Amino acid sequence: MAAGQKLAKELGGKAEAVILGSGVGLAAAEVAKLDLAAVHVADHESLRVYTPGAYIGALAPAIQAAAPAFVVFPHTYHYADGYLHPGD
């Protein structure tokens, strides 16, 4: 979260967060306490266990609609740190 917040600040804005999963209300409430412009939640049973198809299916339309300058992904054993510049 800190990397996204730092990047957003350097660009003159505030970061937004996306929480994906099933039953993520408590996690979303915790993230909402951070200094963010918004917290978006995709809470669905199909997102309970990470699968690339389900997560891409939830994220891709949201990223296309919001057209952010950058998308920053955290590092987990599922995927590596990444910065995505949607305009590229």
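**Surface patch and salt bridges**

Mentor: Leu11, Phe70 and Val72 make a nonpolar surface patch of about 250 Å². The model is predicted: local features need pLDDT of at least 70 and side-chain atom pairs pLDDT 80 or more, while totals for chains, interfaces and linings use all residues. Residues are numbered from 1 along each chain as its sequence is written, and side-chain values use heavy atoms, leaving out hydrogens and water.

Trainee: What are patches made of?

Mentor: Patches are made of residues with over 30% relative accessible area and no salt bridge; like charges are joined within 9 Å, and nonpolar side chains (Val, Leu, Ile, Met, Phe, Trp, Tyr) within 5 Å. Accessible areas come from the Shrake-Rupley method with a 1.4 Å probe, and for residues only the protein chains shown count as cover. Val72, at 32% relative accessibility, is partly exposed (buried is under 20%, exposed over 50%, partly exposed in between).

Trainee: How many salt bridges does the structure hold?

Mentor: Side chains of opposite charge can pair when their charged atoms come close. A salt bridge is a side-chain nitrogen of Lys or Arg within 4 Å of a carboxyl oxygen of Asp or Glu. The structure holds three. In one of them, Asp35 pairs with Lys14, with the closest N and O atoms 2.5 Å apart.

Trainee: Which side chain meets Lys33 in a salt bridge?

Mentor: That of Glu30, at 2.9 Å from N to O. Lys33 is exposed, at 62% relative accessible area, whereas Glu30 is partly exposed at 47%.

Note on methods. Buried means under 20% relative accessible area, exposed over 50%, partly exposed in between (1.4 Å probe, protein chains only).
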